[in-house]
Amino acid sequence: MAEDQIPKSKWEGKASADLQGSSAEQVWPLLADFCSLHKWFPDIATCYQVDGVPGQPGLIRYCARAPIDNDESTIKWAKEKLLSLDPIQRCLSYEIIESNLGFKSYVAVMQLVPINGGDGSIGCKIEWSFVCDPIEGWGLNDFRSYLDSSLQLMAEKMMEHTLLPTTG
């Protein structure tokens, strides 16, 4: 969608994080596994498939934070639908279809980009862009900061995973 077609009331932004020494080929399977977000995203305690076929657009995941002091009413959750998954461009898009987080509409794209002129010999970076309606209880800059810090932690976990020695 061209920028001039986005209503001014929409929020948009992009965060990125470098994964030094981790190639896009190593990181893509981690990112493409749509229902493994809890392994990488700092605040997510659980993430699992609700509907659809793994690896196919239409897959719906349920993601939730842990309850505070074992109080189930404090659980923050979202159901997210995979819109596209492109292994060639190493890109996926998804939308929040239901949540108790204040989202009215939210569509995001996550893409892996090689660092170092395209050959990826230095590593890769994750770019996470979004377009959404304003979110209840958030300011745009606060939400951007939250996404950026979360993505940095997510990238660190993914980088640590790809740099682990493999056992055969």
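The sulfur of Cys63 lies 3.5 Å from the closest cysteine sulfur, that of Cys47. This separation is too far for a bond, because a disulfide requires a pair of cysteine sulfur atoms within 2.5 Å. The model is a predicted one. Cys63 is buried, with a relative accessible area of 4%. Cys132 is likewise in no disulfide. Its nearest cysteine sulfur, that of Cys63, is 16 Å away. Cys132 also counts as buried, at 0% relative accessibility. By the distance rule, the count comes to 0 disulfides.

The strands form an open sheet of 7 members. Their order is S1-S7-S6-S5-S4-S3-S2, and the pairing is antiparallel. Strand S1 (11–20) and strand S2 (46–51) stand at the edges. Each has a single partner strand, so one side of each is left without a neighbour in the sheet. Neighbouring strands are turned against each other by 25 degrees on average, direction ignored.

Within the sheet, strand S4 (residues 77–86) and strand S5 (residues 91–99) run antiparallel. They are joined by 8 bridges. Asp86 stands opposite Cys91 in S5.

Two helices were examined against the strands. Helix H1 (residues 24–32) lies across S1, S4, S5, strand S6 (106–115) and strand S7 (123–132). H1 runs at about 160 degrees to S6. Helix H2 (residues 140–163) lies across S1, S6 and S7. The direction of H2 is at about 25 degrees to S1.

Note on methods. Residues are numbered from 1 along each chain as its sequence is written. This is a predicted model: local features need pLDDT of at least 70, side-chain atom pairs count only at pLDDT 80 or more; totals for chains, interfaces and linings use all residues. Side-chain values use heavy atoms; hydrogens and water are left out. Two strands pair if DSSP finds at least two bridges between them. Helices (H or I, at least four residues) and strands (E, at least two) are DSSP runs, numbered from the N terminus. Axes are lines fitted to C-alpha atoms, for helices over the stretch in contact, and angles run from 0 to 180 degrees between N-to-C directions. Contact means heavy atoms within 4.5 Å. Buried means under 20% relative accessible area, exposed over 50%, partly exposed in between (1.4 Å probe, protein chains only).
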